[in-house]
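Please read the following briefing with the sequence and the 3D structure open beside it.

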Amino acid sequence: MEDLLMSRATDFEASTALRIERLSFAYPDGHPALHEVTLDVRQGEKVAIVGPNGAGKSTLILHLNGILTGHGTVQVCGLDVVKQNLGKVRGLVGMVFQLPDDQLFSPTVFDDVAFGPLYQGLPEAEVRTRVEQALAAVGMSEYMHRVSHHLSVGEKKRIAVATVLSMQPEMLVLDEPSAGLDPRARRGLINLLRDLPQTILVTTHDLPLVRDLCPRTVIMDGGSIVADGRTADILADEALLAAHGLEMP
Amino acid sequence: MHVHFLDPYRAGTSPVHALDPRIKLVLALAFILTTTLTPIGAWAAYILLFALVLSVEILSELGVGKVLKRSSLALPFVLAALPLAFSFGTQKLFAIPVGFGELTVFAEGLQRFASIAVRSWISVQVAIVLASTTPFPDLMLAMRAVRVPRLLVSIFGLMWRYIFVMADEAQRLMRARESRSAVLAMPGLKSGGSVGWRARVTGGMAGNLFVRSLERGDRIYSAMSARGYDGEVRTLGLPRVSRGEWALLIVAILVLLGLLWLSFLLS
């Protein structure tokens, strides 16, 4: 019995995709943004982080690949997010920012999707395969040689996802993925993300998206995690949602 | 998550903060003009000017160290005057061997360069004190009051308003790039790409920022037109300058004129 418990514990250890322990962060101007945040995410889990504007959601996810560093520990797939590991960590965590225009900084769609693999130093043939696979995964294969600037927001969003898929990350982190999308583009994105095998973390205000995509929900407010549980339970708790400025449409 | 470090203004309650921005602007410009007009090599006058700016810095409670640190911004511009040391004058001081020739440093040239460097450094400090003790909107009002062309002032204003937006935008672009700059644990793989490729990526980012700024400019203009903008900026009237402040202005300008006269006398 004890052996069984032990092996379970190791299994759990091995399958932890993200471990955040007592993470605190204040911006250089002294404004505190995170307060002792602790969060574990298992491999393959799809977790939503919700909360009002200024709750610290975006600040938290910028810690997952070391763009910001606070006090406390952040581990991705057992790797500490510290300066000497940043290169590796950024290959494990695919970060999709809120505004696809920020993500797409190259002249053509191909250049943008190829950026990650090229930076990693992969051989050209491998880069081409990765780009083709990533664009196929988001259903945008025929856009390879288009100019990113001229695409619609929905198309840009899909390509932004492809730019990190081409790096074959273990985990995807998306900041407000459905912001600015029309219903069809939004639905397409939800289906796309649901079918991906990676661990996914999304920050959003879009609770129906949370219901359709993430079995687990974390509520943040004032820089702390105030609730963490099954999405069905959390979304059913109207008083809890209202207390943190959220509402189910 | 915004870029704030660009704004030099530091709130405070010192007499320098409290002074009317119009008087402050005129005094700062007069001081810079005086510094510029002092002759080459008038070291005694430079020391007096420096003492004056130092006392204003102490009075402003900004922290002399901080102002001096910021004033290092002037250094790259001072370099533009460096060739003077090698090209101006007749009295050779010493020579520095470079490659297959040598650079001769002339005494007159060196003095000229040092004078320019010191005067720019003093002037920059005044500008820093002005910008650190006056909120930018007040500075703009002051510029309008002393009849700086209104169009120029509104260009300054728009620049000030949107430079932070652009800096934020640039920061987000760089974060997105950083996030995808990964290293694989595979042996024999060199990450980072070639210099040429990285330069092309950076060029793409600069172009991206440029196009977005241009588009934003169009959107802002539409939004301004929608509220009746016709190229003319209208503002509320300004309060009167008090007698004490007029007196201060006159005394300060007389002191500066005296200093200027002294500097010619001494050199």
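In chain B of this predicted model, the axes of helix α3 (residues 43-60) and helix α11 (residues 243-266) come within 8 Å and cross at roughly 155°, where axes are lines fitted to C-alpha atoms, for helices over the stretch in contact, and angles run from 0 to 180 degrees between N-to-C directions. α3(B) and α11(B) are therefore roughly antiparallel to each other, given that angles over 145 degrees count as roughly antiparallel, under 35 as roughly parallel, 65 to 115 as roughly perpendicular and the rest as oblique. Helices (H or I, at least four residues) and strands (E, at least two) are DSSP runs, numbered from the N terminus.

Residues are numbered from 1 along each chain as its sequence is written, while chains are lettered from A and ligands numbered from 1 in the order in which they are written. Because the model is predicted, local features need pLDDT of at least 70 and side-chain atom pairs count only at pLDDT 80 or more, whereas totals for chains, interfaces and linings use all residues.

**Helix packing in chain B**

- On the α3(B) side, B:Ala44, B:Ala45, B:Leu48 and B:Leu49 meet B:Leu259, B:Leu262, B:Ser263 and B:Leu266 of α11(B), contact being counted if the C-beta atoms of two residues, placed from the backbone, lie within 7 Å.
- The residues of this contact of α3(B) with α11(B) divide into seven nonpolar, one polar and no charged; Ala, Val, Leu, Ile, Met, Phe, Trp, Tyr, Cys and Pro count as nonpolar, Asp, Glu, Lys and Arg as charged, and the others, Gly among them, as polar.
- α2(B) and helix α8 (residues 136-145) of chain B pack with their axes 8 Å apart, at an angle of about 75°, and that makes α2(B) roughly perpendicular to α8(B).
- This contact is made by B:Pro21, B:Arg22 and B:Leu25 from α2(B), together with B:Asp138, B:Leu139, B:Leu141, B:Ala142, B:Met143 and B:Ala145 from α8(B); by class, it has seven nonpolar, no polar and two charged residues.

**Overall form and hairpin of chain B**

- Chain B holds 11 helices and two strands, and from the N terminus on its elements run α-α-α-α-α-α-β-β-α-α-α-α-α.
- Taken along the principal axes, the C-alpha atoms of chain B fill a box of roughly 70 × 65 × 35 Å.
- β1(B) pairs with strand β2 (residues 101-106) of chain B in the antiparallel sense over six bridges, where two strands pair if DSSP finds at least two bridges between them.
- B:Phe94 stands opposite B:Val105 in β2(B), and in the hairpin of β1(B) and β2(B), which has two residues between the strands, B:Gly99 takes a positive phi near 55°.

**Strands of chain A**

- An open sheet of six strands in chain A has the order β6-β7-β8-β3-β9-β10, with mixed pairing.
- β6 (93-96) and β10 (224-230) of chain A stand at the edges, each with a single partner strand, so one side of each is left without a neighbour in the sheet.
- Within this sheet, neighbouring strands are turned by 15° against each other on average, direction ignored.
- Strand β3 (residues 46-50) and strand β9 (residues 216-221) of chain A pair in the parallel sense over four bridges, and A:Val47 has A:Arg216 in β9(A) as its bridge partner.
- Strand β1 (residues 16-26) and strand β4 (residues 71-76) of chain A pair in the antiparallel sense over five bridges, with A:Leu18 opposite A:Val76 in β4(A).
- A:Val76 also stands opposite A:Leu79 in β5(A), and β4(A) and β5(A) form a hairpin with two residues between them, in whose turn A:Cys77 has a positive phi of about 50°.

**Interface between the chains**

- 27 residues of chain A are in contact with 27 residues of chain B, and α5(A) gives the most to the side of chain A that touches chain B, with five residues.
- The residues of that side of chain A divide into 11 nonpolar, 11 polar and five charged.

**Confidence**

- The model scores ipTM 0.72 and pTM 0.72.
- Chain B averages a pLDDT of 85, and 96% of the residues score at least 70, pLDDT being the predictor's confidence in each residue, from 0 to 100.
- Confidence in chain B is lowest in strand β1 (residues 92-98), at a mean of 78, and highest in helix α2 (residues 21-37), at 93.
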